[in-house]
Amino acid sequence: MFTLTALELARIQFAFTVSFHIIFPAITIGIASYLAVLEGLWLKTKQSVYRDLYHFWIKVFAVNFGMGVVSGLVMAYQFGTNWSQFSVFAGGITGPLLTYEVLTAFFLEAGFLGVMLFGWNRVGPKLHFFATCMVALGTIISTFWILASNSWMHTPQGYSIINGEAVPSEWLKVIFNPSFPFRLAHMSTAAFLASAFFIASSAAWHLLKGNDTPAIRKMLSMAMWMALIVSPIQAFLGDAHGLNTLKYQPAKIAAIEGHWENTDDKPSPLVLVGWPDMEQEKTHFALELPALGSIILTHSLDKQIPALKTFPKEDRPNSTIIFWSFRIMVGLGLLMILSGIWSLWLRKKGKLYQSRLFLRFVFLMGPSGLIAILAGWFTTEIGRQPWVVYGLLRTRDAVSAHGELHMSLTLLAFIVVYFSVFGVGYAYMMKLIRKGPTVHDDGTDEHGGPGQQRTPARPLSAVNETLDSRS
């Protein structure tokens, strides 16, 4: 396909499937915790607005959770089909870590998901709240194990090489490898922010359409508090993650900065924009700010950031791609901070729900968190190249022995199936959001009262109708 090699096609195929998949867990993590907060607030205050929002967002959560499970299974199979040599080399470490994720997180989520979705009128309020909290906890535990496995591939430790295979020697060092705490905090916070802007955008759309209800206002208010408080925290977490990457993956930092060489003992500049050229070993049209690179990345004026020319050509990540993916991520992060500050200013003026300019901005920011996650993921994974396991196994040595025709056909099949299946799921999810939360009077108790409909046998029927009736 387009003169690409089997290795390049295998990389594109995995990038395509993981890009589709990562969107769903990110939203699942954030909305699961959001649902736990909503139900907890409803139990404490008995304000119907929290109950109405819970019933509304649990529908979106259910659809999103299902698509996340399906896309994740497909991605897991690719380790054996397209990256069999990686499985041979690192399967003794990554296999158990993913098994722990299934045994702890997936079973926890699956065990309580039915109670969460269908138990509103069948179990007590405290038990139902406990089930919601367990599902939310399961998403966090799942994130823990997945990132432990992926982080080990970036900063491997706690292993021994026996007969050409990585064998765990100290499991705690494998799990808590040097980059894991930073990546866990950064990714989890990114998921919360992505969900917050997804929710805020939904509320802004309804307000722009004239659907001004207490539930819609509460959606926007809670999301904007999250943006105001958490987006600056994410900036500090990103800085800490960058310092960790500088220590353990200096070539990645050099490629992110498009920085090719240092001059004498002068502090390194920060390249704001430009076009890194891997062949000519320079960044064209570079707009530099003197010394700022050293200040940001080393927190000093007497240290220099790594230069790409100090690394062998075969060990350099593709600076052209990750230079811009990183800046997309950072740029969107700055816009998130701006939106939080803007919302606080409007809140104090009493115009948070009336400023159409702000509402349009928040509406357009809806996908910003997901785009930032994808951009950050590209930066992280492409920046690890040419290694699959950093310093131990090169990408070209990890791929299965497939031909170009095979990989081209399977890639095309994935594209067609994914856009068809998940396109339908996305359209259905957007239909639910456009419908908006159903507002109820407080004429029923927390179990919905007598005369409510029974839980239908079909899950999608329950998602579409029953939760509305259970309020």
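1. Strands 1 and 2 make a hairpin with two residues between them, and Asn 163 in the turn has a positive phi of about 55°. Strand 1 (residues 159–162) and strand 2 (residues 165–168) run antiparallel and are joined by four bridges; pairing requires at least two DSSP bridges. Strands are DSSP runs of E, at least two residues, and helices runs of H or I, at least four, numbered from the N terminus. Ile 161 stands opposite Ala 166 of strand 2.

2. The model is predicted: local features need pLDDT of at least 70 and side-chain atom pairs pLDDT 80 or more, while totals for chains, interfaces and linings use all residues. Numbering starts from 1 along each chain as its sequence is written, and side-chain values use heavy atoms, without hydrogens or water.

3. The largest nonpolar core has 105 residues, with Trp 57, Phe 61, Phe 86, Met 219 and Leu 220 having the most contacts inside it. Helix 1 (residues 6–45) gives the most to this core, 18 residues. Apart from it lies another core of 11 residues, including Trp 260 and Phe 311. A core is a set of buried Ala, Val, Leu, Ile, Met, Phe, Trp, Tyr and Cys residues joined through side-chain atoms within 4.5 Å; buried means under 20% relative accessible area, exposed over 50%, partly exposed in between (1.4 Å probe, protein chains only).

4. Beyond neighbours within four places in sequence, Phe 61 is in contact (heavy atoms within 4.5 Å) with Thr 28, Ile 31, Ala 32, Leu 35, Leu 113, Met 116 and Val 135.

5. Leu 272 lies in strand 3 and counts as partly exposed because its relative accessibility is 36%.
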